[in-house]
Amino acid sequence: MPSDNPGPVADPQEPAGGRPPSTEPDGTDTEPDARFTFANERTFLAWHRTALALVVAGLAIVQFLPPFPGVPIGRHLLAVPLIVLGGVLSVASYLEWTRHQRALRRGEPMGTSKLPKILAITITVLALAAATLSLLAPGSGS
């Protein structure tokens, strides 16, 4: 005989497949669903890989790129901002990770990240500087 009980009803506030993180009535934080914590950690690690790549690219420019003829500090003009951006990105990604982790534990919105915008603007400026240095440096060997 079929039951009249429709079974568990999905909560519209709950993410698909998991319970939403929340704050207890006494104001303490609760442990969020592990999937959200792991996703936050994967994002943090991706930002760290990007930061490490920027530092390595800056070091490679200084060590392996031939000097720009007529622009003795050209390599450093490109390399130092990349290295600094890598360091800043590393610290900023940690701060963002902790902010998101706190929001997950409290059931608050995480907000948007400023890191993609900072990275895009800085790399665009560095690309324009590299193009300018390449075009203005006298040719070598022609």
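Is arginine 99 buried, partly exposed or exposed? I found it partly exposed, at 33% relative accessibility. My scale calls a residue buried under 20% relative accessible area, exposed over 50% and partly exposed in between, with a 1.4 Å probe and protein chains only.

**Ground rules.** I am working from a predicted model, where local features need pLDDT of at least 70, side-chain atom pairs count only at pLDDT 80 or more, and totals for chains, interfaces and linings use all residues. Residues are numbered from 1 along each chain as its sequence is written, and side-chain values use heavy atoms, with hydrogens and water left out.

**The chain overall.** I listed three helices and zero strands, running α-α-α from the N terminus on. Here helices (H or I, at least four residues) and strands (E, at least two) are DSSP runs, numbered from the N terminus. Of the 142 residues in the chain, 25% are buried. I also looked at contacts, meaning heavy atoms within 4.5 Å. Among those with a separation of 6 or more, 62% join residues 24 or more positions apart. The chain exposes about 9800 Å², with carbon and sulfur atoms supplying 67% of that; the areas come from the Shrake-Rupley method with a 1.4 Å probe, and for residues only the protein chains shown count as cover.

**Salt bridges.** I counted a salt bridge where a side-chain nitrogen of Lys or Arg lies within 4 Å of a carboxyl oxygen of Asp or Glu. That rule gave me three.

- Arginine 99 pairs with glutamate 96, the closest N and O atoms being 3.7 Å apart. Both sit in helix α2, three residues apart, which is about one turn of the helix. Glutamate 96 is buried, at 10% relative accessible area.
- Aspartate 33 pairs with arginine 35, with 2.6 Å between the closest N and O atoms. Aspartate 33 counts as buried at 12%, whereas arginine 35 is partly exposed at 43%.
- Arginine 105 meets glutamate 31 at 2.8 Å, N to O. This pair links distant parts of the chain, 74 residues apart: arginine 105 is in helix α2 and glutamate 31 is in the segment before α1 (34-64). I noted both as partly exposed, arginine 105 at 26% and glutamate 31 at 46%.

**Helix packing.** How do α2 and α3 pack? I read an angle of about 175 degrees between α2 and helix α3 (residues 115-136), with their axes 10 Å apart. Axes are lines fitted to C-alpha atoms, for helices over the stretch in contact, and angles run from 0 to 180 degrees between N-to-C directions. So α2 is roughly antiparallel to α3, a label for angles over 145 degrees; under 35 is roughly parallel, 65 to 115 roughly perpendicular and the rest oblique. The α2 residues that meet α3 include Leu78, Leu82, Leu85 and Glu96. Among their α3 counterparts I noted Leu119, Ile123, Leu126 and Leu133.

**One more residue in α2.** I looked up histidine 100, which lies in helix α2 (residues 74-106). Histidine 100 is buried, with a relative accessible area of 12%. Leaving out residues up to four places away in sequence, histidine 100 touches Asn40, Met110 and Gly111.
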